[in-house]
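Here is a short note on one helix pair and on the pockets, for a colleague who works with computed models. Please read it beside the structure.

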Amino acid sequence: MSSADTFQRARSAEAKAAREQAILDAARTLASERGIREITLTDIADAVGMHKSAMLRYFETREEIFLRLTADGWREWTPVLCDRVRAASTPSGVAAAFASTLTERGPFCDLLAQAPLNLERNVSVEAVRAFKLTTGDSLARIAEAVREALPDLADAAARDLVAAATSLAGTFWQISTPPPPIAELYRSDPRLGHALVDLEPRLRRILTAYLTGALAG
């Protein structure tokens with residue numbers, strides 16, 4: 001008898017919360033190993049030891065699971081980034097804080113790319129509301145830290161910095177982590193060298209240029 005056959009529905013609020021966390025943990029591990037796009041609800045259910053139909057009592061769609069993980073990623077990243085930003089005092093230092101903390105969080109970058117493309121489009125309105133409240137809180141906290149480090153930067157520019165950093169990190173991470181055969185193709189053909197992207201230095205250069213221009217304007 002499989003573990004899915006022996007699964008019993010959680011009865012108490014505590015048991016339900018533990019089951020939800022087990023599902024999130026399984027999805028996070030699978031996504032780190034194989035990438036979000038490769039993971040199905042069935043994969044997650046098998047990893048937890050549940051029937052797919054039973055897992056739908058906790059999350060309506062795979063997108064809802066990964067949107068929750070994206071929110072968790074924002075909550076984990078934000079205080080780390082704010083500490084590093086507050087320790088900086090120059091545009092290049094602030095840019096480096098964004099670039100380094102995002103590069104250290106490859107799975108989060110993957111989620112950042114997938115959220116607007118897919119994860120927000122097959123979930124309930126309430127799920128999107130909860131997610132946007134999380135990102136809005138993080139945005140405010142990060143913008144405040146940036147303005148503490150760079151007092152002459154306008155609040156709108158600080159918020160634009162967060163939007164630019166997360167959008168670019170999501171895109172560049174996808175480009176910088178192609179499948180192994182494609183990565184080998186890029187390395188083996190000198191004409192394709194432009195396709196090789198090193199996430200951290202490129203992101204740092206672009207964000208430094210943005211901040212320098214925003215402060216000069």
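The points below take the basis of the values, then the helix pair, then the pockets.

1. The model is predicted, so local features need pLDDT of at least 70 and side-chain atom pairs count only at pLDDT 80 or more, while totals for chains, interfaces and linings use all residues. Residues are numbered from 1 along each chain as its sequence is written, and side-chain values use heavy atoms, with hydrogens and water left out.

2. Helix α5 (residues 62–86) packs with helix α8 (residues 125–149) at an angle of about 10°, their axes 9 Å apart. That makes the two helices roughly parallel (an angle under 35 degrees). Helices here are DSSP runs of H or I, at least four residues, numbered from the N terminus. Axes are lines fitted to C-alpha atoms over the stretch in contact, and angles run from 0 to 180 degrees between N-to-C directions.

3. Residues of α5 that meet α8 include L67, W74 and W77; on the α8 side, F131, T135 and I142 are among them (contact means heavy atoms within 4.5 Å). By class, this contact has 14 nonpolar, five polar and four charged residues.

4. The largest pocket has a volume of about 530 Å³. Of its 23 lining residues, A31, S32, P107, D110 and W173 lie nearest the centre. Helix α2 gives the most to this lining, with five residues. The lining has nine nonpolar, five polar and nine charged residues.

5. The second largest pocket holds about 290 Å³. W74, L112, K132, T135 and T166 are the closest to its centre among 16 lining residues.

How values were computed. Angles under 35 degrees count as roughly parallel, over 145 as roughly antiparallel, 65 to 115 as roughly perpendicular and the rest as oblique. Ala, Val, Leu, Ile, Met, Phe, Trp, Tyr, Cys and Pro count as nonpolar, Asp, Glu, Lys and Arg as charged, and the others, Gly among them, as polar. On a 1 Å grid over the protein atoms alone, a cavity is a set of points where a 1.4 Å probe fits but cannot get out, and a pocket is an open set with protein on both sides within 12 Å along at least five of seven lines; lining residues have an atom within 4 Å of a point. Grid points are joined across faces, edges and corners, and a volume is the space filled by probe spheres set on the points.
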